[in-house]
Each structure stands twice: as C-alpha cells, then as structure tokens.
Amino acid sequence: MSLFRDDGIVLRTQKLGEADRIITLLTRRHGRVRAVARGVRRTKSKFGARLEPFSHVDVQFFVRGGELVGRGLPLCTQSETIAPYGGAIVADYECYTAGTAMLETAERFTDHEGEPAVQQYLLLVGALRTLAAGDHDPRLVLDAFLLRSLAVNGYAPSFDDCAKCGMTGPNRFFSVGAGGVVCGECRVPGSVVPSREALELLGALLGGDWETADACEPRHCREGSGLVAAYLQWHLERGLRSLRFVEK
Amino acid sequence: MYEGVVQDLIDELGRLPGVGPKSAQRIAFHILQADPADVRRLAHVLTEVKAKVRFCKVCGNVAQDELCRVCRDPRRDPAVICVVEEPKDVVAIERTREFRGKYHVLGGAISPIDGVGPDDLRIAELLRRLADGTVTELILATDPNLEGEATATYLARTVKPMGLRVTRLASGLPVGGDLEYADEVTLGRAFEGRRLLDV
Ligand SMILES: [Zn+2]
Ligand SMILES: [Zn+2]
C-alpha cells in the first residue's frame, strides 16, 4: 500500500457504478493518471465538485502496490482545489467547447499512463488560465495550445523557413505532411497556398505574440484554425471528437 | 468463461450501465438459482416495458401513451417548462411537489469529449415548443455538474432572442453530483430559490 500526492488538471470524468466516478487527470509528475473517486455523485461534501473537468487540484492517491500506475486503479482519497477554472469556462459556451478540445488533446498526447509529460502539463495549465481569464478569443487560445502541444511532442510546424530545406522565409506553400511551409523547390503535391496573414497568425500563436494574434481579422483566424486542425489530425491517429463542436 | 448460455447471460448483463464483469457474474448466478416463477416474471416485465412504454412525443418523458402523465394533465401550467437531462430527473422533481409546470427531457447533456453535441439532444424539439409564445419561463434543471452547466449555458444563449425568463436551480445542490441523488428538501429549496440566468 502506498500514498502518492501530485497536482493535476482533471481531463475527464466517467460514471462508475451507482455513485462513483473514474477521474482522468494530467498530473505534474506522473503524467496521465486515472483514479477512482468514491461516492462523488451523491456526496454533499465538496469532494465531487473539486474533481470536475478543468479543475486544477492537489490530489492524494492510494494504491495497493508500490507504483501509482500499475495493476488496478488508484483511489483518489483527498483533493484540494488549486484553481477552479471550470466555473469561468463553462459560463461561456465558446470557451467551453475550446477548453474541451484542449483537454482531449492533452489526453491524446499523453498516451502512456504514468509517463511524465511535464511540458504538456505546463502548457495545459497555462492555456486554461488564459482561457478562464477571457483576455483573448477562445479559438485563438485553443489554436495556440494545439500548435504548442504539437511542438512539445516533436511535431513543431514551421510557418516561416522551409520545413524541408530550411530556406529562409517567408515561404508560400503549406503542407501538413512536410511539416509546415515549404519553398517552391520543396513543394509537394497537395500543398496549399494560405494567405500571408494566416501564416503570420500561426507563427505568432506558436511564439506567444498575442499582440499580432489579437489584431488578426476573423477570416484569417478561420483560415488559420483550418490549417491547425488539418495539421493536428495528420499527427493524431484518430481525429479529435470534440474539435467539430468548437464554435467558429 | 462459462458454457454457452450462461456466458451469454453474463455478457448481456455486463452491457448494462454500472454493471461490471464481477457484478454480471453475481447477478447471473442469482438468476440461475432463483425460483423459475420469479425469473419468468422478470422476463415478462422486460418484454412488457419494451412493448408498452414509449417516450412522450411532446416532452420526451417516459409514457404509456402518446403523451406522458404530466403533458396529459390539464392542471399543469403550460407557461413554465422545466428542462431536465433524463426521465429519472422528472421523477426526482415530482417528488418535491414544488413544481406545477411541464417538463422537457433532453436525453442527456452536451459533452463534446464523448461526442455529444447540441444536435444529439432534444433541443430542436424544445425550440419548437417555445415558438408559439405560450411558454414564459424556462427552468434549467440540468445536473449540477460541468456538462449540465455547459448545457444550461448553451440553452440560455440559444433562447435569449425569445425574451423568456430563464432560470437555473439555485446552488445548494451537491455540485458535481447527479440531480437524482438530491433529497426532496434540497431540491425543493433549489426550485424556490432559482436564479435568473443572464448570458
Ligand atoms: Zn525548401
Ligand atoms: Zn410529456
């Protein structure tokens, strides 16, 4: 029997039996972890409320063996709220759909339970904080998160220099398979030619230049979102379920 | 693994919500040892319920006829509709005796991560009910958890142009919980103290 303590973001909850839930968290030190929270659907304590999606919580786990992730699901025995992002996010439907796509993305990029994914974790915490603060268009916050998630998982797209030969940008052609923009020499069949503004926007989102991103016109934002979605789908085996519900 | 029909029974039971493989096995062996008359009665109600019970064509609640008991009752106030996720929530609210209006059962809550969006719920049917102007208040009684809140947010935004009074059950309900587990007193109080939603 061992106790583990970690902090994490609740990604998903599933009903289990009469009144329990399985909680999926992305934790700081143990990566993605699934745990059972008993009685949370009928309790009057605040335990259940703390373990809702988007919550940043400090959790204590109880396991039979010596490893947090191994045989059988750990029990979630205590939790303290660090930041309840859900309240602000769920009050705005656009925020909610964008936020849900972030949670699913974080889950998909942390395939192996128990394997630390600290960069992905930090990205998610930062993105949820930004989303809940409401300072930027939710769709932009989502696209920035998707691009940076791709980057920390080894799929950094290029929006300036040629992704194949490195020729200094700007380059006009874009191919998801090639890894971003490519020059005229390296262009592959099926490449598209996005607007200069859309490519600038994506570069700004990847680099954290919010001033440029916030000033972008809606049609270029939509174009950029389309490119991000295509790039993401290329690198994930299955499509994201929640992406089609994100409001444009 | 068990032989043929026993395993089939365990498999079927295991597909029920909240029944894991161990429980399925336990129920299966309970049935095997039960009195044949008891088992025949169980099999009979299972067939009956599928043959006789349908969903109310107005509100989506369970019904024995085209309309459910609430929709048929002329004493119920047609100006107020209480929106819930499941038929079992109607039962929970009816127990409080606090509500005299009608219901609308959505058939779930919006949960994009599970692939459930607004079009998968009975929202278009609700909007059709609101179209003729009879309804003046919409009470959003979706579960007090994240998906329930998101569904309430979506509905409040969608009906906003119609100029209805849109309210949400007061806090005090167990947050993160299921509506059906709220006791009558708490649920009744939540009804009385419902708050106006402004999105
Ligand atoms: Zn090149
Ligand atoms: Zn009805």
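The C-alpha centres of domain 1 and domain 2 of chain B lie 33 Å apart. Domain 1 of chain B covers residues 4-52 and domain 2 covers residues 74-196, with bounds that come from an automatic or database domain assignment. This is a predicted model, in which local features need pLDDT of at least 70 and side-chain atom pairs count only at pLDDT 80 or more, while totals for chains, interfaces and linings use all residues. Residues are numbered from 1 along each chain as its sequence is written, and chains are lettered from A and ligands numbered from 1 in the order in which they are written.

**Chain B overall**

- The C-alpha trace of chain B spans about 60 × 35 × 35 Å along its principal axes.
- Chain B contains eight helices and seven strands; helices (H or I, at least four residues) and strands (E, at least two) are DSSP runs, numbered from the N terminus.
- Of the 199 residues in chain B, 34% are buried, where buried means 20 or more other C-beta atoms within 10 Å of the residue's own, exposed means 12 or fewer, and partly exposed lies in between, with C-beta atoms placed from the backbone.
- Among contacts in chain B with a separation of 6 or more, 56% join residues 24 or more positions apart; two residues are in contact if their C-beta atoms, placed from the backbone, lie within 7 Å.

**The annotated region of chain B**

- UniProt, in an unreviewed entry, places the feature "zinc finger region: C4-type" at residues 56-71 of chain B; its positions are given in the numbering used here, feature names are shortened, and annotations may be inferred rather than shown by experiment.
- The end C-alpha atoms of residues 56-71 of chain B lie 8 Å apart, and the span is 19% helix and 12% strand.

**Contact between the chains**

- In chain B, 18 residues are in contact with 26 residues of chain A.
- The side of chain B that touches chain A has eight nonpolar, seven polar and three charged residues; Ala, Val, Leu, Ile, Met, Phe, Trp, Tyr, Cys and Pro count as nonpolar, Asp, Glu, Lys and Arg as charged, and the others, Gly among them, as polar.

**Domains and helix packing in chain A**

- Chain A is divided into domain 1 (2-88) and domain 2 (136-245), and their C-alpha centres lie 34 Å apart.
- Helix 5 and helix 6 (residues 196-207) of chain A pack at an angle of about 70°, with their axes 8 Å apart; axes are lines fitted to C-alpha atoms, for helices over the stretch in contact, and angles run from 0 to 180 degrees between N-to-C directions.
- Helix 5 and helix 6 of chain A are therefore roughly perpendicular to each other, since angles of 65 to 115 degrees count as roughly perpendicular, under 35 as roughly parallel, over 145 as roughly antiparallel and the rest as oblique.
- The contact of helix 5 with helix 6 of chain A has seven nonpolar, no polar and two charged residues.
- The axes of helix 3 (residues 93-108) and helix 5 of chain A come within 9 Å and cross at roughly 10°, so these two helices are roughly parallel to each other.
- The contact of helix 3 with helix 5 of chain A comprises nine nonpolar, two polar and two charged residues.

**A:Asp160**

- A:Asp160 is placed in the loop between helix 5 (138-152) and strand 6 (173-175) of chain A.
- A:Asp160 counts as partly exposed because it has 17 C-beta neighbours inside 10 Å.
- Leaving aside neighbours within four places in sequence, A:Asp160 is in contact with A:Gly169, A:Pro170, A:Val181 and A:Gly203.
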